[in-house]
Amino acid sequence: MCSNKGGVHCKKDPQTASHSAKVAELLGKVVFLLVIIPFTVPLSANALMGGNGLMWTVWQSEPVKLVVCWEDPGAASSERREWVRLALKNSWERETRIIFTGWEQCQNEASPATPPHTLGPRRPGIADENIKIEILTSGGGQNPAHGSWGDYQQHGVRLNLQGDRANTEFLAIHEFGHALGLYHGEERGDWDISGCPQQTYAPSWPWWPVPTEMRWGAPDPDSIMAYCSNRPTSLSPGDVAGIQRAYGRHIPGSLLSLPGSLCLSAHAGAGNGSDAFGWACDEALDDQEWRWDITKKALYVQAPDDPTENRRCLDVDTNSYSDVQTWDCHYGSNQQWQFQKTMVRGYGGLCLTRPADGQGAVTIEECTGADEQLWRIEKSDIAAGRVARLRAESKNLCLTQEGPSGSNAVVKPCSPSNLYAPVKTKPTGKNQNTITLVHFPGKPVTGIRDFLLGDGGQIGIINFLSGTLCLDVRDVWDSQYLAGNGGPRPGQVVQFFQCYDNQLNQRWNFSGQLVSGGKCLALDGDAVDNGAGAIVTDCTNADQQKWDYYW
């Protein structure tokens, strides 16, 4: 996205232009013009560097669910096999709408179904397990079943599990990247990284050489899919953005526990006192779609087939004061939740970071949990919908918008916002109603600090005069990004820019603790298996108390 250098306003990209709806919301006797951000999941299969015809088909109604099995589980200990499962949960599953499930011994291997071996996007097969792992005792890893072409291929992924945990995690994430349809970074036609040579292969399978390159962003030497990346055990910012572009971000309402990327779940149609629990993010029955009412500090699910549309609020059991359940919403203290020690994660999983020495422009950086990355998400002075204020956790500094589209996002002292009320007057002649902008007495004329949390992760301004602007990482247009250019990179400047539906650099989520009554929401036990119970407990820095929330 262009940077508005020299005061020259950026032009709209014709390929990404969209229309943002506006709606008037009644607040007392005045009307504020708010921005309603439509939710659009990018469904085209473009990734770090994938192959056309090898990506699994994405539907908006459910995630990509791939059944994994072990051909000979006895060839490695259960501990080492668990390293593989958890490595995938903390990488691909955390960042996108993919679930790896099963993890049992492969069935019917004496007469397995014939793999499709056809190019073209497809749903996971139902004739057999999707990804079959052969455990090796030497070498590294291989992927004969590349992408959807090799659905239920015997020995589809080969892994040597004899090394240490770090090596096992790298092999698992890397080889399952191939199973998702991704190639090595060095195989890109535009690869030109000093000290990291381009790689070519003899065509021994239909997917080598690459049928048609599907690139995301600029070449990334830090990618988990690049040999020159020194065998990382986590995804790079480029990997995160690429896999989200390929398979979509988690849907609005998803609340993921970090140890096992389980979604907080509850039965929206169940009676009072139904337990909340962790489950794979299957997006079923709206039981994992948590809406946040900032004004009442409530998290709730809602069954769409309920004719009364009753909210079911996340509730701390007043008998145990530790169990977490759902109950009819009464908005008492045991149904109130607040984000605490929260990072605002965005483009490529990088975090919104303010200057260490006080006021100034914000950037995106690697998420470390440093003081400069911790925010409190507060109800604004406006008692309306999902309008919030982002305040520094430890200082009286707030995220602030000043200036036109393309101006830097900054932090400044948390004085009142610049609020305008559009007021209708009576029609005159043939003209329609006239709109007059009235400034609130006593309010400053610069500095917007109240923001609308729009569906799909956008953070938009609500000031009428400034137009429709969203918090945006300064980078290239979406069309350029898919042609192999752009970030994300630590240090990129954050700005306010016109809102667009398909720009990943305008998508954000919260990552931190959820607190009720001074205690933190957590999943019981090791918090990595379906059915782990939801509880509240004394707040520590444990991963079981950290959550990713997508609004």
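This is a predicted model: local features need pLDDT of at least 70, side-chain atom pairs count only at pLDDT 80 or more; totals for chains, interfaces and linings use all residues.
How close do the axes of H1 and H2 come, and at roughly what angle do they cross?

Residues are numbered from 1 along each chain as its sequence is written, and side-chain values use heavy atoms, with hydrogens and water left out.

**View 1. Here is an open sheet of five strands, in the order E5-E4-E6-E8-E7 with mixed pairing.** Strands (E, at least two residues) and helices (H or I, at least four) are DSSP runs numbered from the N terminus, and two strands pair if DSSP finds at least two bridges between them. At the edges sit E5 (98-105) and E7 (141-142), each pairing on one side only. E4 (residues 64-70) runs parallel to E5 over seven bridges, and Trp70 has Gln105 in E5 as its bridge partner. Helix H1 (residues 78-95) packs on this sheet, touching E4, E5, E6 (131-136) and E8 (153-160). Helix H2 (residues 165-179) packs on the sheet too, touching E4, E5, E6, E7 and E8.

**View 2. Now look at H1 meeting H2: their axes come within 9 Å and cross at roughly 55°.** That makes H1 oblique to H2 (angles under 35 degrees count as roughly parallel, over 145 as roughly antiparallel, 65 to 115 as roughly perpendicular and the rest as oblique). Axes are lines fitted to C-alpha atoms, for helices over the stretch in contact, with angles from 0 to 180 degrees between N-to-C directions. Contact means heavy atoms within 4.5 Å. Among the residues that meet are Trp83 and Leu88 from H1, and Ala172 and Phe176 from H2.

**View 3. Strand E32 (residues 509-516) is largely enclosed by the rest of the structure, because eight of its eight residues are buried.** Buried means under 20% relative accessible area, exposed over 50%, and partly exposed in between (1.4 Å probe, protein chains only). E32 runs antiparallel to E18 (residues 338-345), joined by six bridges, with Gln340 opposite Gln513. Two bridges join E32 to E33 (residues 519-523), also antiparallel. In the hairpin of E32 and E33, Gly517 takes a positive phi near 60°.

**View 4. The largest nonpolar core has 58 residues, and Trp508 and Leu521 have the most contacts inside it.** Apart from it lies another core of 38 residues, including Leu159 and Met225. A nonpolar core is a set of buried Ala, Val, Leu, Ile, Met, Phe, Trp, Tyr and Cys residues joined through side-chain atoms within 4.5 Å.
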